[in-house]
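The sequence and structure come below, followed by the text.

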Amino acid sequence: NEEKVVCKTVDSILRSSWTNIEIVVVDDGSSDNTFEVCALRYNSIDNIQVHRKVNGGKATAINYGVFHSKGDFCLILDADTVLDENAIERMLWHFASDSTVGGVAGNVIVGNAENYLTRLQKLEYVTSQQIDRVAQDYFSSITVVPGAIGLWKKSILNEVGGLEHDTLAEDMCLTWKVRAAGYKIVSDLDARSYTEAPETIKTFYKQRSRWNFGTLQCIFKHFKSLSFEAPLRLMVITDYVVQVLALPL
């Protein structure tokens, strides 16, 4: 149900400095006019596909989009995310420079810092990525390639079986699967996207509860596969505890 914002996302991709792209829009059974708005606006553009499927959750929608894509790399974006024009070019560079890279985490920035709550979230996003993500990258222990901007090699997505829908943190689950398969996960803070953060306490609490429960599910699901060679387990658990403690605030 993203009829109000989805075209902003698609238009931002069309403005990208990297022009050899195709765009696959997947409407996961929306009850509003998301599909109709996209189909009407982009039906005549050759490199844009607009699909509608029965509602099955975000993981199934992404897998559906990956299946219908033709490229060697898949950039996964949320429908409320605006992409910086240089982001794709920045992220692709990592694959060209290192064949062992499986995924690249971009830099998610709050784009609607208009009230007290969203301004605090913008500050939180900056600190979590400028400090936490940098440390994780240094120790080869990035915990999640964010769903709001993550670039993957398509052959690796197929190799690990795509996204799974048995957790509420499908992006984190995919990150750990790709690392467990022997590939590097790296970060690029100069590859930016701008997302819509929750504007009310109710929606904020709902989002963070989902994130925390999803993280806990991933810990139980993948704990044995997390590498002892890097302090990944400690980082994951510490990050989880901090989020849980901060949630009531």
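Thr34 is found in helix H2, where helices (H or I, at least four residues) and strands (E, at least two) are DSSP runs numbered from the N terminus. With a relative accessible area of 6%, Thr34 is buried; buried means under 20% relative accessible area, exposed over 50% and partly exposed in between, using a 1.4 Å probe and protein chains only. Leaving aside residues up to four places away in sequence, Thr34 touches Asn1, Glu2, Glu3, Val6 and Asp27, a contact being heavy atoms within 4.5 Å. Thr34 and Lys4 are 30 residues apart in sequence, and their C-alpha atoms are 7.9 Å apart in space.

The model is predicted: local features need pLDDT of at least 70 and side-chain atom pairs count only at pLDDT 80 or more, while totals for chains, interfaces and linings use all residues. Residues are numbered from 1 along each chain as its sequence is written, and side-chain values use heavy atoms, with hydrogens and water left out.

**Overall content**

The protein has nine helices and seven strands. Of its 249 residues, 47% count as buried. Among contacts between residues at least 6 apart in sequence, 78% join residues at least 24 apart.

**Helix H1**

Helix H1 spans residues 6-14 and is mostly covered, with seven of its nine residues buried. The buried residues are Val6, Cys7, Thr9, Val10, Asp11, Ser12 and Ile13. They pack against strand S1 (23-28), helix H2 (34-42), strand S2 (48-53) and S4. Val6 is also one of the residues that Thr34 touches.

**Salt bridges**

The model contains 14 salt bridges, each defined as a side-chain nitrogen of Lys or Arg within 4 Å of a carboxyl oxygen of Asp or Glu. The table lists some of them.

| Asp78 | Lys58 | 2.7 Å |

The side chains of Asp78 and Lys58 meet in a salt bridge. This pair links distant parts of the chain, 20 residues apart: Asp78 sits in the loop between strand S3 (73-76) and strand S4 (81-83), and Lys58 in helix H3 (residues 58-68). Lys58 has a relative accessible area of 35% and is partly exposed.

Salt bridges that share partners join Arg90, Asp188, Asp190 and Arg192 into one network. Asp190 is partly exposed at a relative accessible area of 39%, and Arg192 is partly exposed at 30%.

**Helices H5 and H8**

The axes of H5 and H8 come within 11 Å and cross at roughly 30 degrees; axes are lines fitted to C-alpha atoms, for helices over the stretch in contact, with angles from 0 to 180 degrees between N-to-C directions. H5 is therefore roughly parallel to H8, given that angles under 35 degrees count as roughly parallel, over 145 as roughly antiparallel, 65 to 115 as roughly perpendicular and the rest as oblique. At the contact, Leu117, Gln121, Glu124 and Tyr125 in H5 meet Ile201, Phe204, Gln207, Arg208 and Trp211 in H8.

Phe73 lies in strand S3 and Phe95 in helix H4 (residues 87-97), so the pair ties together parts 22 residues apart in sequence. Phe73 is partly exposed, with a relative accessible area of 33%, and Phe95 is buried, with 7%.

Phe95 is also among the contacts of Gly102, a residue of strand S5 (residues 101-110). Gly102 is buried at 0% relative accessibility. Not counting residues up to four places away in sequence, Gly102 touches Phe95, Leu151, Trp152, Lys153, Ile156, Val178, Tyr183 and Lys184. Gly102 and Ser155 are 53 residues apart in sequence and 9.2 Å apart in space, C-alpha to C-alpha.
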